[in-house]
Amino acid sequence: MPDSGDFDTRKTTKTSLAIVEAINDLDGATLTELADYTGLATSTLHTHLKTLEEAEYVTRSGNTYKLGLRLFHIGENARRRDPRYTLARDKAFELSNEVNEEVSFAVEEYGRSIILYDETPVPSDTGFQVGRYFHMHSSASGKAMLAAFSAERVYEIIDKWGLPEYTENTITNVDELFDELERVREQGYAVNRQEELEGLYSVAMVINNPDGSVFGSMDIAGPPYRLPEDSEIAAQLRPVVGELESKLEEHD
């Protein structure tokens, strides 16, 4: 049983992290706005914010608190923690320019899909989804990875995050999701039929490590009126995924 000091330390850390998350959610906020959003007393917020400022995780402009760029440095280091991720970035960039559409590489962490690289043919737009989390049931990349997981792991993810509805196309029923994952396994690719965002359609394939575990997933995305048939998109993805898996074997 941890002593009270250990408990207080954990509680303090959780509070500071919750404040950072709140500032991110609100895209910058005043003390009053943070108090309304988090339900924390302004005195508690002030103490934590002062510590976060001193550590350079938060900045203040007038009365508004914003995330510090030190978090960018930490996030970039996290993205580079596995040197093999750069292999996926290079392949995503090549494929994006070949098909003239958005191509993303995502991985699973703590039951959600997070985009590490997002490449588009227009350089100024590159990376606008980088760092974004998705619930796995509503994205092609997420479903591609879910289909490669055990049923037990899928249930664990559902228990943790649920099946929130984003559009009228989102799968919100467990049995329907498992039927969808079976289709993904049979056809070898997953499809996002505007299930996360209206107007966004994508096809994804899982990328496996040499030992058969999931490394990540890659998808081609765009408006449904512009994309070819699902099978054609999958045919564009398949050789790239195969090349990437071969490179992963070389690094194993």
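Predicted model: local features only at pLDDT ≥ 70, side-chain atom pairs only at ≥ 80, totals over all residues.
Residues are numbered from 1 along each chain as its sequence is written. Local features need pLDDT of at least 70 and side-chain atom pairs pLDDT 80 or more, while totals for chains, interfaces and linings use all residues, and side-chain values use heavy atoms, without hydrogens and water.

Helices (H or I, at least four residues) and strands (E, at least two) are DSSP runs, numbered from the N terminus. Strands β2 and β3 pair (at least two DSSP bridges) in the antiparallel sense over four bridges. They form a hairpin with two residues between them, and Gly 62 in the turn has a positive phi of about 65°. Ser 61 has Thr 64 in β3 as its bridge partner.

| Element | Residues |
|---|---|
| Strand β2 | 58-61 |
| Strand β3 | 64-67 |
| Helix α7 | 151-161 |
| Helix α8 | 174-187 |

A nonpolar core is a set of buried Ala, Val, Leu, Ile, Met, Phe, Trp, Tyr and Cys residues joined through side-chain atoms within 4.5 Å; buried means under 20% relative accessible area (1.4 Å probe, protein chains only). The largest such core has 29 residues, of which Leu 95, Phe 105, Ile 207, Met 218 and Leu 237 touch the most other members. Helix α9 (230-251) is one of the elements that supply at least two residues of this core, and α9 gives the most, with seven residues. Apart from this core lies another of 18 residues, including Ile 158 and Phe 178.

The axes of α7 and α8 (lines fitted to C-alpha atoms over the stretch in contact, with angles from 0 to 180 degrees between N-to-C directions) come within 12 Å and cross at roughly 135°. Ala 151, Val 154, Tyr 155 and Ile 158 in α7 meet Val 174, Leu 177, Phe 178 and Leu 181 in α8, where contact means heavy atoms within 4.5 Å.

Definitions and conventions:
Buried < 20%, exposed > 50% of the residue type's maximum accessible area, 1.4 Å probe, protein only.
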